[in-house]
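Student: I am new to this structure. Could we go through some of the words used for it, and ask what each one rests on?

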Amino acid sequence: MTDISKPTAIPSTDEAYHPDAVEAKWQARWAERHINEPDLDHPARPFYNLMMFPYPSAEGLHVGNMFAFTGADLYGRFKRLQGYDVFEPIGYDAFGIHSENYAIKLGINPAILIPRNIENFRRQLKRIGGMFDWRHELSTTDPRYYKWTQWIFLQLLKAGKAYKKTAAVNWCPKDKTVLANEQVIDGRCERCGTVVEQRTLEQWFFRITEYADRLLADLDDQSKMDWSDSTTTAQRNWLGRSEGAELEFPLSVGAETAPSAARGQRGSGSVLKVYTTRADTVFGATFMVLAPEHPLVDALTTPEQRAEVEAYRRAAASKDLVSRKVGDREKTGVFTGGHAVNPATGREIPVWVADYVLMEYGTGAIMAVPGHDERDFEFARKFGLPIVRVVAEAPAGAEGHPDPERREGEGADAPLDAPYTDNESGILANSARFDGLPVPEAKRAVTAWLESKGAGKGVVRYRLHDWCISRQRYWGPPIPIIYCDDHGAVPVPEKDLPVELPLIEDFAPDDSGISPLARHEEWYYVPCPVCGKRGRRETDVSDTFLDSAWYHLRYPSTEFDDRPFDPARTRTWLPVHSYIGGNEHAVLHLLYARFITMVLHDLGHLPFDEPYRKFRAHGLIVKDGAKMSKSRGNVVVPDEYIARWGADTFRMYLMFLGPFQEGGDFQDSGISGPRRFLDKVWSFVNEACREGEGQEVHHGVIVKLNQTKKRVTEGLEALRYNTSIAALMELVNALRAENVCDKGIAEELVVMLAPFVPHFAEECWERMGHRESVFEARWPAWDEELVVEDRIEVVVQVNGKTRSKVQVARDADEETVVAAAMRDVGVQRFVEQKTVRKRIYVANRLLNLVVG
RNA sequence: GCCCGAGUGGCGGAACGGCAGACGCAGCGGACUCAAAAUCCGCCGGGGGCAACCCCGUGCGAGUUCGAAUCUCGCCUCGGGCACCA
C-alpha cells in the first residue's frame with residue numbers, strides 16, 4: 001500500500017537503476033490511469049487470461065505462487081502487446097478446511113482472520129506487478145459470491161443432479177470431517193496425515209458419474225480443449241473407463257433353500273451379478289467372492305457358516321481404510337456355505353466373502369479366476385481352491401508369438417504355479433468351443449455367447465464416483481436446504497439466498513459428526529418454505545471445490561447482484577482463452593469445473609460446455625533439488641528477494657531458471673544474472689536516448705535483431721520463457737560488442753522486455769519520450785528474410801564427423817558448396833586418396849561427404 | 001504393480017534428426033583501484049599435443065540413419081500420479 005503511493009522523483013538523466021522507485025511509480029500510475037481494466041462490454045479482441053486463484057494462507061504468497069502468477073501474467077501481457085483486450089482477474093479461494101484449521105489453532109474466527117490474509121495477499125500481488133483488473137477481484141467467502149454457489153446447488157438439485165444418500169464416508173478423526181475419496185492419500189488424511197476411519201453419514205452428492213463418458217470424450221476433442229497432455233492423462237486415469245461384461249451366476253439350490261434366502265431374494269431365480277474385464281476366462285471361474293457389505297451375503301450364508309461369516313463382516317466393518325486398502329494385503333476371507341452356478345461350465349462353485357473385493361466398484365462381487373488373476377490366485381492358494389488354466393501361450397511358431405524361450409510351460413495342459421495374466425497374446429484353452437481363440441477376440445465372443453444365453457451383457461464402467469459435496473464444518477457456504485417433518489428436504493427459495501453463514505463463537509467441530517451450525521438455534525430453526533411449520537436448516541456446508549468450480553464464470557460479472565454471470569459478458573469472454581495452474585489440481589478442481597460447466601450448459605445457462613479452451617500446467621519450484629517445505633527449512637520468502645532486488649528482477653529470475661512448464665531450481669546466487677542484465681539494458685537505453693539516432697547499423701546486427709524477435713515471440717507463445725530471456729540477453733551482448741546505440745532498436749528491445757519486466761519497460765519507454773504506456777505499443781514483427789545472414793557458414797562433415805566449415809552465399813547450390821569444401825585443407829586431409837561415394841547436402845546448414 | 005515426465009559441464013539449463021554445452025551462475029586469469037566492491041576484457045566438459053590439430057563425451061545396452069542428446073526397442077535411476085478397480 002505504502003509502496004504504491006510513495007511519491008517518487010526520477011530525474012530523466014541516466015543515473016543508476018533503482019527498482020523500488022521505478023516500481024512504485026508505475027504501480028501507482030497503472031492504478032490512476034486504469035491501464036489494466038479492459039472494456040468488458042465492447043472489447044475489440046477479448047482475451048480472458050486466467051490463473052488459478054490462491055488460497056489466502058497466513059504465510060502469504062510463496063515462491064510457487066509467485067512463479068505461477070508471473071508466468072501467467074507474462075502470457076497475458078504478451079497477448080496485450082499483440083493487440084488483445086486482455087482481462088486478467090484475480091481472487092481468493094478463501095473457504096475451506098485450511099483456513100478453518102488455522103483459525104481453530106489461533107482461536108480466532110476465520111471470518112475475522114481471512115480478511116487479514118487477503119489484505120496481505122493483495123499487497124503482494126500488487127507488488128509483483130501483475131496485470132490484474134482489480135475492479136473484478138472476488139472472494140469465495142463473500143456472500144455476494146456464495147449466494148450464487150448456493151444457487152448452483154439448487155439448479156443441480158432441481159435438475160436431479162444432486163441427491164442425498166447415506167454412505168460410508170472417510171472420516172478424519174483429527175480434522176473431524178468427512179473427506180472425499182480423492183482427499184484420502186494412502187488411507188490417510190491428505191491434510192494432516194491422520195489415519196482415516198469409516199463413518200456412515202447422510203451426504204449430498206452430485207451425479208458426476210452421469211457425465212463420465214462426456215468428460216472423457218471431450219479430452220480428445222481438440223476444438224474444445226487444448227490442454228497439457230499430463231493433465232488430460234491424469235483425468236483419463238481418474239475417470240478410469242474400463243470395458244467389460246456384467247455376468248450373471250444363478251444361485252444354486254443349496255443356497256436358495258437356506259432359511260434367509262427367501263426373504264433376501266424373493267425366492268428362486270435369484271442371481272449373483274459380477275463385473276469382469278476378462279469374460280474370456282469365465283470357464284476358469286472356480287469360485288466367487290462377495291464384498292463383506294454385499295447385500296446377498298446374508299441370503300447365501302448357510303446356518304453352519306453363519307457365525308464365522310458374521311464375525312468376518314463385523315471385523316471388516318470396524319477396519320479403517322488403511323488396513324483395508326493399503327495394509328499388508330494378506331488375503332483373508334470366509335466361505336459362506338452357498339454356491340452359484342458357473343453359466344459357462346454349468347458347474348456349481350462355492351461363494352466366499354473377502355475384503356479384497358470392494359463394494360464400491362463394479363457390482364461388489366467377482367467371479368474368481370485364480371489361473372489368470374493375481375489376487376484370485378493368491379486367495380485360491382491360501383484356501384485350497386481349484387486353479388484351472390483357460391488361457392495358454394500361443395504355440396511356438398504361431399503368428400505373432402514365436403518366442404518359445406520367453407515363457408516356458410504355458411501350454412494348454414501345463415500346471416500353473418503363477419497366474420498367467422497376459423491378456424493380449426494368449427489363446428483360450430479348456431474353454432469348449434472357444435479353444436484356440438486369441439484373448440481379445442475371445443472377450444467379445446464369450447460375452448456375445450453369454451448374452452445370447454441371457455447370462456450377461458457387455459458394459460462400460462468408470463472408476464469415478466459421484467462427488468460428495470457435504471462437509472460437517474463451519475467455514476463454507478451453507479447448503480441451502482430446510483428439513484421439514486412433513487415435506488422432507490425443501491430447497492431454500494432462490495429469493496431467500498444467500499443463506500448467510502452466521503458469525504459464531506464456537507466454530508470448531510466436535511466428535512458428533514454434526515456441524516457446529518446445529519448448535520445455534522436462532523439460525524438452525526426456520527419456517528418450512530412450503531408449510532411454514534418449524535423446520536431445520538441443513539447444517540453441512542459445501543466442499544470448497546464447488547466454490548472454485550465456477551469462479552471463472554463470475555469474474556467478468558462481479559458487479560451484478562441479480563445474476564451469477566451476465567449472459568452478454570459470458571458470451572463475450574468465455575470460455576476462458578488461457579488458463580494456467582498447477583497440476584496438483586489436474587483431477588479435482590479441473591474435473592469438477594468441467595462438470596459444473598456441462599451441467600449449467602445442459603440447463604441452458606451457458607452456451608458452451610467446456611470452460612477452459614486452453615490449459616497449461618506450470619512446473620514446480622524446488623530449492624536445492626528438494627521440494628520447499630517448512631520442515632526442510634528451505635522455504636524462500638519472496639518478499640525479501642523483492643525488497644532486495646526489485647519485482648522485475650525477481651520476475652525475470654523466476655522465469656529464467658527453467659522452462660515454465662517444468663519448473664526449476666531456485667538458487668540464491670542465480671538472481672544476480674538477470675539484475676546485471678537489466679543494468680546493462682538500463683545504460684544502453686539511456687545512452688540510446690541521448691545519441692542514438694541516424695547511426696548506421698551493421699547488417700549483422702539487423703539479422704541478430706530479427707532472429708531475436710522471432711525467438712522471443714516463439715518462446716513466449718510456447719511458454720518457454722527461459723529461452724526468450726536468453727535470446728534477449730544475446731541481443732544485448734551483441735549490441736554492446738558492436739557498440740550499437742540505436743534508438744529504434746532500443747525501443748523494440750524495451751517492448752520485448754515489457755512482459756517480463758513491466759515496470760522497468762514502462763520507465764525506459766517514458767525516458768525514450770513516449771507518453772503512453774508501453775503496453776499501448778505494438779509487438780515487434782520480424783522479417784523472415786532477415787533472420788538468416790547473407791553469407792552462411794556451412795558445416796562440412798566427412799563420414800559424419802565435422803571436419804571444417806566453409807563460408808558460402810545464402811542458398812548456395814550444392815556444387816558451389818562442394819567446390820568450396822574441396823578447397824578447404826581441413827577437409828582435404830580426410831578426403832584425399834579416397835573416393836567420395838555419397839554426398840548429403842542440407843541447404844544453408846551442412847554438407848556430409850561419405851568417402852571410402 | 002500400472003500410467004505420465006525427466007536424466008546433458010562444478011550448478012540452473014540450450015540445441016526443426018545436422019557444429020553438443022546457447023544464455024546465466026559459480027570459478028580462474030587480467031585491467032581499473034592505495035585497497036576492496038562494482039564494472040570491463042579473457043578462459044572455463046575430459047584426455048593428448050609446443051602447436052595447427054586429434055581422440056573421447058548427452059544415465060546404461062542394442063538398433064534405424066550418411067549423421068542420434070533428439071527416433072525405435074530393452075534396462076537403470078529420480079520426480080509425479082494411480083493402485084486389492086476385478
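**What the labels rest on**

Student: Why is Asp811 called exposed?

Tutor: Asp811 has a relative accessible area of 56%. The cut-off for exposed is over 50%. So Asp811 counts as exposed. Keep in mind that this is a predicted model.

Student: Where is Asp811 found?

Tutor: Asp811 sits in the loop that runs between β33 (801–809) and α28 (814–823).

Student: What makes the phi of Asp811 worth a remark?

Tutor: Its value is near 60 degrees, which is positive, and Asp811 is not a glycine. Most residues other than glycine have a negative phi.

Student: Why is Arg127 called buried?

Tutor: Arg127 has a relative accessible area of 12%. Arg127 belongs to helix α5 (residues 110–127).

Student: How do you know that the side chains of Arg127 and Glu23 make a polar contact?

Tutor: The two side chains come to 2.8 Å. A polar contact needs N or O atoms within 3.5 Å, one able to donate a hydrogen and the other to accept it. The pair Arg127 and Glu23 counts as a polar contact.

Student: What kind of peptide bond joins Leu497 and Pro498?

Tutor: That bond is cis, with omega about 0 degrees. Pro498 lies in the loop between β23 (488–491) and α16 (521–524). The bond from Leu574 to Pro575 is cis as well, with omega near -5 degrees. Pro575 is in the loop between α19 (567–573) and β27 (578–582). Most peptide bonds are trans.

Student: Which strands make up the open sheet, and in what order?

Tutor: The order is β33-β32-β35-β34, with mixed pairing. What makes β33 and β34 edge strands? Each has a single partner strand, so one side of each has no neighbour in the sheet. On average, neighbouring strands are turned by 20 degrees against each other, direction ignored.

Student: How do you know that β32 and β35 pair?

Tutor: Pairing takes at least two bridges. Strand β32 (residues 791–798) is joined to β35 by four bridges, and the two run parallel. In one of these strands, β35, Asn848 is the bridge partner of Gln797.

Student: Which residues come nearest to RNA strand B?

Tutor: Of the 53 residues around RNA strand B, the nearest are Thr277, Tyr361, Arg375, Gln667 and Asn848. Sugar and phosphate make up 63% of the atoms of RNA strand B that come within 4 Å of the protein.

Note on methods: Residues numbered from 1 in each chain as written. Chains lettered and ligands numbered in written order. Predicted model: local features only at pLDDT ≥ 70, side-chain atom pairs only at ≥ 80, totals over all residues. Heavy atoms only, no water. Buried < 20%, exposed > 50% of the residue type's maximum accessible area, 1.4 Å probe, protein only. Near = heavy atom within 4 Å. Axes fitted to C-alpha atoms, helices over the stretch in contact; angles between N-to-C directions.
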